[in-house]
There are 2 protein chains.
Amino acid sequence: MEPRFGWLTPDTMGLFTDMYELTMADSYLRHGMNQWATFDLFVRHLPPNRAFLLNAGLEPVVYYLLHMRFPEESLNYLREQGIFSDAFLDYLRHFRFRGHVWAMPEGTVFFPGEPVLRVTAPRIQAQILETFLLNTVNAYVTFATKAARVVIAAQGRGVADFSPRRDHGTDAAIKVARASYIAGCVATSNVVAGHLFGIPITGTMAHSYVMSFPTELDAFRAYAADYPDNAVLLIDTYDTLQGARHAIIVAKELRARGHELRGVRIDSGDLVTLSRQVRRMLDEAGFPNVRIFLSGDLDEYRIEELLNAGAAVDAFGVGTRMGTSVDAPYVGGVYKLVEDEAGLKMKLSTGKVTLPGRKQVYRFYENGRMHHDLITLADEPAPPGGVPLLQEIIRDGELVTDLPSLSHIRERAAQQLAALPDPLRLIHVPEDIHYDVRISPALHDLRQRMIQRTREIEGIG
Amino acid sequence: MEPRFGWLTPDTMGLFTDMYELTMADSYLRHGMNQWATFDLFVRHLPPNRAFLLNAGLEPVVYYLLHMRFPEESLNYLREQGIFSDAFLDYLRHFRFRGHVWAMPEGTVFFPGEPVLRVTAPRIQAQILETFLLNTVNAYVTFATKAARVVIAAQGRGVADFSPRRDHGTDAAIKVARASYIAGCVATSNVVAGHLFGIPITGTMAHSYVMSFPTELDAFRAYAADYPDNAVLLIDTYDTLQGARHAIIVAKELRARGHELRGVRIDSGDLVTLSRQVRRMLDEAGFPNVRIFLSGDLDEYRIEELLNAGAAVDAFGVGTRMGTSVDAPYVGGVYKLVEDEAGLKMKLSTGKVTLPGRKQVYRFYENGRMHHDLITLADEPAPPGGVPLLQEIIRDGELVTDLPSLSHIRERAAQQLAALPDPLRLIHVPEDIHYDVRISPALHDLRQRMIQRTREIEGIG
């Protein structure tokens, strides 16, 4: 079942790029400008309602870098456009990534301005990668960050990804399943993601199941007979309290046969009141261990409200609003030239100034919590006590590190999220809360000199 | 380069489903409940800021229905879960869709409550399809509706999809390219989508290109030399007005060699003021036909503002905010049982009441504009003057109609959008604007009887 990432095959990955990457690349080739260049992938600003970002998507990026190709069919399509040089098409025919990649591991918390991935490669190679890298990392970080907030809001209760029917396509659904598992979700309803990544798969029943039997009680009895140890009954199809009474009847019948009902799910109505009523009914009937699952338009804000209001809930099924990251459906990750053979580079466009040069990011902890980060030039000596976040992943086109397993990535994410300063874990982030990201004196001075020099060269005020 | 849709192969499509579809299906099999049933796919409510929805996604749904399978690898994975019956796994081994599908063609405007797709099939088949159908249609309708609004806002100026780097994965990017082309965009930057669907591909240059040359003017000269008839120069890397002066120098040099500069692009800063200044500079220099492209965090709201404020612009590159449908990143499409062998079905959950039975939707026009829609039972006689929107697509698992070409779908969408009542074409939709969707008296009476009967059967007040 390879490839596992994005459903692209090595033969179709090459063309997953913006047109201008190819026209620029051809131009570089014509002008003899295929020397090495370095690009940083970073996020400029936090999305609304976010105090941190959670990195994910490196493994599919590595797969792409090691495997992307331009087969003849792709070259024929490009030739039909009538604008590419034969030399460039021949270059693509033999394309193989030969560059270096440094990156933060998946499951690392990061902040705006910090490079999460750095590519040093012949300029054409580094350029053509841009679209796929941004597409993958932007989507993964969006999903992982959103899911981390949902997991934090759930305060230890299990969160399952129920989003496939509303995600932006099949690839998005698979990325959401993997990203949300990294962020701490316990399972997904997405069967193919379970198969691809070994994520636990879960599910209950739909309203249509209940409606397919003559009565709700018939439906509950049938399901309990088929899944005596795994039955979670959906009790809100007609009337939730009536549904709870039917569930209790079935729980008693199951117990008489040596099984225990696993749970009930409520998907609509006043979840606080209903869950408390259902909890009391179950407890009074002798079923304190039957779990209550809540679902239906949930996200971190709603979960926080439910828990603050005293909802009786053991686990959440979270779909649409997590899978589309509805309150912040993108992070503005960019991929910018920071250095090439001619020297350091930076962009001055209004509001879009970049940090020049190859860089490293160090994290400083105090009492087990993140205290501040420091961005330095890559060749500065490591500051005492700082943990470097960027690791060498690919050298000369070859993988030079073992990529961690999904469970290791998930564990790293859990540690990182637990080390966040408390204010950054708030669901409603106060305006004045910012993590302290510092720039080394050497990098700061360099940036100032660069701004001055670029203005002089370009003859700008 | 098949399959073209969602990057899933027939062998992996089957498992793209929510876990509960499979546990319910197994239960249906065990209980001898695989008789025919009918499900409607519809949207309950308009997303915020939307007055209409644009249908898309049928072609990939048809591809899925005709090709989805469960190969041995998938069955082995399911067997490992330890909960499925051997009979069910054997059923999946021979799975082939044998049902009927009626649907609105792609490019049709539709409204909440109207079925856009209806599946009648053995219950297990109809059930297992749910996740893929919803994932595909929800994503496509989200993208097509958003893009239609952007195209309307542009008032005839070209809109190009520049979204791949921010879409939710590769499949999303490809769906955005196809959906936005259906909705009236003129091109995409997404090369693989161009290859897959024949959509025109387009692009200009990136800031990194400009920064890769010693000076901006060097970069412009190089690009113009390589693409003398297609050069669109990005002029805001350092200073937009300085960039415009450099572009004019290159435009003159091109003209001296018998070519014309195609355009300039501005991607940051005060787009209204800058575009007007640049337009005047170009005009005064003798280049009234050099086009001005604007980009940078655009959407329908921003485009409307720019045009109202008098921006000088010939075309827009629209990326992130269109591709993620940022103000409404999902439509709440659902797939509900409406009829089975035991009779008509409807759901009473709070706020989620459905319309029972197999239905048809008729559209009535007045003076070439949509006047109202009428939802009827499928077997009611066609009302005079009503245009039926649901068409038979698949009968007994076989395609019974020629699917329209992408250009035909795009033409249909253009006609439908042009026929919208003017208030529905507003970018800021007033609260009290609603298209008139009526329910036939027969359907209305049936629903009332069903509510009463269901309440009696379930013993609800």
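Leu75(A), Leu78(A) and Arg79(A) in helix H4(A) meet Leu89(A), Leu92(A) and Arg93(A) in helix H5(A); residues count as meeting, or in contact, if their C-beta atoms, placed from the backbone, lie within 7 Å. This is a predicted model, in which local features need pLDDT of at least 70 and side-chain atom pairs count only at pLDDT 80 or more, while totals for chains, interfaces and linings use all residues. Residues are numbered from 1 along each chain as its sequence is written, and chains are lettered from A and ligands numbered from 1 in the order in which they are written.

By class, the contact of H4(A) with H5(A) has four nonpolar, no polar and two charged residues. Here Ala, Val, Leu, Ile, Met, Phe, Trp, Tyr, Cys and Pro count as nonpolar, Asp, Glu, Lys and Arg as charged, and the others, Gly among them, as polar. H4(A) covers residues 72–80 and H5(A) residues 86–93. Helices (H or I, at least four residues) are DSSP runs, numbered from the N terminus. The axes of H4(A) and H5(A) come within 10 Å and cross at roughly 160°; axes are lines fitted to C-alpha atoms, for helices over the stretch in contact, and angles run from 0 to 180 degrees between N-to-C directions. The two helices are therefore roughly antiparallel to each other, a term for angles over 145 degrees. Their crossing is right-handed, meaning that the near helix is turned clockwise from the far one by less than a right angle.

H5(A) also packs against helix H2(A), residues 19–30, with axes that come within 9 Å and cross at roughly 105°. That makes H2(A) roughly perpendicular to H5(A), the term for angles of 65 to 115 degrees. From H2(A), Ala25(A), Asp26(A) and Leu29(A) meet Ala87(A), Phe88(A) and Tyr91(A) of H5(A). This contact has five nonpolar, no polar and one charged residues.

On the scale of the chain, the domain assignment, which is automatic or from a database, divides chain A into domain 1 (10–143 + 328–458) and domain 2 (156–323). The C-alpha centres of the two domains lie 39 Å apart. Across their boundary, 13 residues of domain 1 of chain A are in contact with 14 residues of domain 2 of chain A. On the domain 1 side, helix H7 (130–153) and helix H16 (406–418) of chain A are the elements that give two or more residues. H16(A) gives the most, with five residues. By class, that side has 10 nonpolar, one polar and two charged residues.

The next level is the pair of chains. Chain B can be laid on chain A with an RMSD of 0.0 Å by a turn of 180° and a shift of 0.0 Å along the axis, superposed by least squares on the C-alpha atoms of residues with pLDDT of at least 70 in both. The two copies are thus related as by a two-fold rotation axis. The same surface serves both copies, as 99% of the contact residues of chain B recur in chain A.

The contact takes 91 residues from each of chain B and chain A. On the chain B side, helix H2 (residues 19–30) of chain B gives the largest share, eight residues. That side divides into 36 nonpolar, 35 polar and 20 charged residues.

Helix H8 (residues 170–182) of chain A packs with helix H8 (residues 170–182) of chain B at an angle of about 150°, with their axes 6 Å apart. H8(A) and H8(B) are therefore roughly antiparallel to each other.

Definitions and conventions
Two residues are in contact if their C-beta atoms, placed from the backbone, lie within 7 Å. Angles under 35 degrees count as roughly parallel, over 145 as roughly antiparallel, 65 to 115 as roughly perpendicular and the rest as oblique.
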